[in-house]
Amino acid sequence: NTAAAPGAQRRPWPRGLSTPTLQVPTWEGMPWSLASARGQVVLLNFWASWCEPCRSEMPTLELLEQRHEKDKLKVLAVNYRETDAAIRRYLAQWPITLGILRDGDGAAAKAWGARAFPTTVVIGRDGRPAFTVVGELDWTGPVAREWMASVL
């Protein structure tokens, strides 16, 4: 259904490609690692405040997390190489409830194959990436529901 997701492309995680480690600080400065989220479905949304499609899809990511809280779904917004001031300005204009992780040097985005923004990596309860979505998606729409059904 291209009408619901004109810009989003779903790509399977490449066979044989191992899961990159992810150890980055939270927005508040606490250490966070993907290993700590095992048993949960995790969406890593790589974004930047200057990215218009990132801003557009953020509210639907929040709704997705709220709707699937009981299913142990965690959505994390991984900010790409921005300063504290830039993130603060973004949050003042568009407050979000999602956990924010900091990819200060861009190494996490590179390791996870995020070359365009937004890129979202969906990780199953086993800690392995299931698929990647490149581009803006309505995460509350029918396309996302269909895509997420396999991991939830």
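**Ground rules.** I number residues from 1 along each chain as its sequence is written. The model is predicted, so I take local features at pLDDT of at least 70 and side-chain atom pairs at pLDDT 80 or more, with totals for chains, interfaces and linings over all residues, and side-chain values on heavy atoms without hydrogens or water.

**Entry 1, the sheet.** I looked up the strand order and found an open, mixed sheet of 6 strands, β1-β8-β7-β4-β5-β6. Strands here are DSSP E runs of at least two residues, and helices are H or I runs of at least four, numbered from the N terminus; two strands pair if DSSP finds at least two bridges between them.

**Entry 2, around β5.** I followed β5 to both partners: 7 bridges pair it in the parallel sense with β4, and 5 bridges join it, also parallel, to β6. Of the 8 residues of β5, 6 are buried, so the strand is largely enclosed by the rest of the structure. Buried means under 20% relative accessible area, exposed over 50%, and partly exposed in between (1.4 Å probe, protein chains only).

I then moved to the loop between β5 (73-80) and α2 (84-93), where glutamate 82 sits. What is the nearest side chain of opposite charge to this buried residue? I found arginine 89, 6.6 Å away, and no salt bridge for glutamate 82; Lys and Arg count as positive, Asp and Glu as negative, with His and the chain ends not counted. A salt bridge needs a side-chain nitrogen of Lys or Arg within 4 Å of a carboxyl oxygen of Asp or Glu. Beyond four places in sequence, glutamate 82 is in contact (heavy atoms within 4.5 Å) with Ala48, Ser49, Trp50, Ile87 and Arg102.

**Entry 4, salt bridges.** My search of the whole structure gave 4. One of them joins arginine 102 to aspartate 84, with the closest N and O atoms 2.3 Å apart. Arginine 102 is in β6 and aspartate 84 in α2, so the pair ties together parts 18 residues apart in sequence. I noted arginine 102 as buried at 14% relative accessible area and aspartate 84 as partly exposed at 37%.
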